[in-house]
Amino acid sequence: MGPPLLLACLLAPLCARGASPAQAGAPAAGSPQGWRQHEGLRRVKRAWVIPPISVSENHKRIPHLLVQIKSDKQQPGGVVYSIKGPGVDEEPLGIFSIDKFSGKVFLNAMLDREENDRFRLKAFALDLGGVTLEDPTDLEIIVVDQNDNRPLFGRDVFTGHVLEGAEPGTCVMTVDATDADDPATDNALLRFSILEQGAAAMFSINGTTGEICTARPGLDRETTGVYNLTVQAADMSGDGLTTTAMAVIYLDDINDNPPEFTKEEFSMEVEEQAAGVDVGRVFVHDKDLAGSPNWLAKFTVLEGDPEGSFSIRTDPHTNDGVLSVAKPLDHEVRDRFELTLSVQNERPLEPSAPASPRALATVRVRVRDVNEAPVFRENPRRVSVLEGTPPGTPVTTYTASDPDTRQLQALTYALLYDPANWLQLDSHTGTIRTKRELLHPSSFMQGGWYIALVLARDDAEPPLSATGTLSIEILEVNDHAPLLQPPAGVLCGRPGRGGNLLLGATDDDRAPHGAPFHFQLSPQHPQLARNWSITRYNVTHAVLAVLAEVPEGPYSLPLLLRDSGTPPRERQQLLNVSVCHCGRDGTCEDGVLAAATAGAGVTLGALLIILGSSILLLALVGLGAARARGRRRALRKGLLQRSRDDMRDNILNYDEQGGGEEDQDAYDINQLRHPELFSPRAKPPLRRDAPLSSATPPAPRKLPSSPSDIEEFINEGLEAADSDPSVPPYDTALIYDYEGSGSVASPLSSIVSSLTDEDQDYDYLSEWGPRFRRLADLYGH
């Protein structure tokens, strides 16, 4: 590289005046002294580092010569100078320029230090051919700051809060400001002050930090709630440029003022019997901040209301006390009240608040008289009536009272609700009687009670009424004796091997006139106790057991059943028991007998017997129907002639089967179904639900001495069955007491003991008379 580029700095005033070295008293260049001096200067320039060039911002003399650069290889007219960098060929453009032949650098525009505080340029020296004569050198231009920027506050309005009554020195807030000038100079050194805050001067500001604090005591929100301060910031340590802002300080409320009534006495009035209504308002005044807990009042009734008839609450919007009725008032009992009220804040007073007596006020309330509805003092009224009470029996006198004792009024009564139309009411006295017999149970009963509504009405204008509820309990009367259920059964005849039968009973009466039931053998037949015994199983059932081995066959045992009512009711009933042949497991082997006599059945063995017998019976019916169709022609030959053949009385069950529509002269089956129409000795039939005509049931029937008329024997059996309420209806199979001996007919049980009747001989039926010849024609060979 060549020798370094030499730069000559010329003072700006000299350059401006066009001064030359000769004018400045410098030696001539051609003289030895001048040459030596010139050589000395050249040696200094080679080692000289050019310091930064400073120029003030906002310089208005444009263009302005900043510096002149020269190369030590300068040949007159042989060097070309240039500069590059920000302000020249980089943004911002056109700030600086250079004379390429003289090397003078000029400022062409005003500078702003806040935008660019310095510029770093590169200077170049080239010969006319463009060859570099010197290495590039740095040229740094520093912009010198001027106080051309005012301070700026962070906001136009600053807001702060402080409690009223705060002690001096309590800091509220801090204001802040900035200055764009050079912070290293006084141009940006700020000082704060308060220009205006009112005559009291309650606040001060720290000039350096801008912190605002209380300056003296006596801050009272009720006197002055808001302070507006004008604050100033100035640079040059307070002597330069200035700016202002607002500081708004709010005093926060404390409870330093108790509420006070606006007057000492208040007068109000309210109607009697009105509950929950507002009577009136009491007014208070509180200087504290409206809507805050320091302002909100709380009222108390101190005196004059020992029963708590009134209550008072606070209206949160107006802070008034609202007096209301908590319990209905009665003008006839008390027509005036004088209440003493007190008031205080929801939040307690501050200790710094001045002491004051408790605020009190008197409220006078007058109770106005109004017409009141009648009142049933006993509502509901509960009474008891015996079941079956005859019509016209007094039930109760249900009356109401009129609270208006100072008014002459008459009350009348009416039945408002009587669903069964059981009652009648005297409209003047309120006396209630039965209109018809009260029955139980009834669909009009609700949980064992009959409910009726009674209306009482006064004669005021307008009239008022009241409704009373009458609940009538219909007491149960023991008017039903227990009923044996079922009335028949089957058991084995050997003690301990199926020789037990579970007996049950029902009673239409309700507790306590029903269970527990008492079962026993009829005391009128003590001989039964030798073979039979009854023991209690539970409150509704008993167990019949055989004590000694009993022969197979049907038995009618008279039993005495008694309930637990007061007084107890009892009934003697016949229990039809069939003693069967016992199998090895203690069950009956004769399924037909068990099914025919056990009714609904009481044991698992009996149920199995009934099921098997039913299947066998269905098979028999189907077979009989097939044979009947094959013998239809024989049935069309005519009616049988009546004969006086001897009739037998040795069958258990009797069935009559006619010949269809063509058979009109056969034996009338109605003689069996309705014997009272054909027998002069017959009595009117009794249904099974009719009570016994005699306390002692008839003893088991015996075989007539001359069994020549089977019809008479059957009629007697019908009469005995109809007189017994415990037997099934007329059209079911009946069980008779005697089967007979030495009969040529086999037991009917043999009919169902075989699936076919091919091995049965029915020809002997023709010897029983004309009524059985049809059976002989159907089944005979």
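Which residue in β17 is the bridge partner of Y227? It is I249.

This is a predicted model, in which local features need pLDDT of at least 70, side-chain atom pairs count only at pLDDT 80 or more, and totals for chains, interfaces and linings use all residues. Residues are numbered from 1 along each chain as its sequence is written, and side-chain values use heavy atoms, with hydrogens and water left out.

**The four-stranded sheet**

Strands here are DSSP E runs of at least two residues, numbered from the N terminus. Two strands pair if DSSP finds at least two bridges between them. Four strands form an open sheet, ordered β10-β17-β16-β13, with mixed pairing. β10 and β13 (191–196) stand at the edges with a single partner strand each, so one side of each has no neighbour in the sheet. On average, neighbouring strands of this sheet are turned by 30° against each other, direction ignored. The axes behind that angle are lines fitted to C-alpha atoms. Strands of a sheet pair through backbone hydrogen bonds, either parallel or antiparallel.

| Strand pair | Sense | Bridges | A bridge pair |
|---|---|---|---|
| β16 (226–234) and β17 (242–252) | antiparallel | nine bridges | Y227 and I249 |
| β36 (488–492) and β42 (570–580) | parallel | five bridges | G489 and V577 |

**An enclosed strand**

Buried means under 20% relative accessible area, exposed over 50%, and partly exposed in between (1.4 Å probe, protein chains only). Five of the five residues of β36 are buried, so this strand is largely enclosed by the rest of the structure. A488, V490 and C492 point one way from β36. G489 and L491 point the other way.

**Two loop aspartates**

D156 sits in the loop between β9 (152–153) and β10 (157–163). Is D156 buried or exposed? It counts as exposed because its relative accessibility is 66%. Contact means heavy atoms within 4.5 Å. Leaving aside neighbours within four places in sequence, D156 is in contact with A245 and M246. D156 and M246 are 90 residues apart in sequence, yet 6.2 Å apart in space, C-alpha to C-alpha.

D418 lies in the loop between β29 (412–417) and β30 (423–425). D418 is buried and has no salt bridge. A salt bridge is a side-chain nitrogen of Lys or Arg within 4 Å of a carboxyl oxygen of Asp or Glu. For D418, the nearest side chain of opposite charge is K435, 6.3 Å away. Lys and Arg count as positive and Asp and Glu as negative; His and the chain ends are not counted. Neighbours within four places in sequence aside, D418 is in contact with L423 and Y450.

Methods
Axes are lines fitted to C-alpha atoms, for helices over the stretch in contact, and angles run from 0 to 180 degrees between N-to-C directions.
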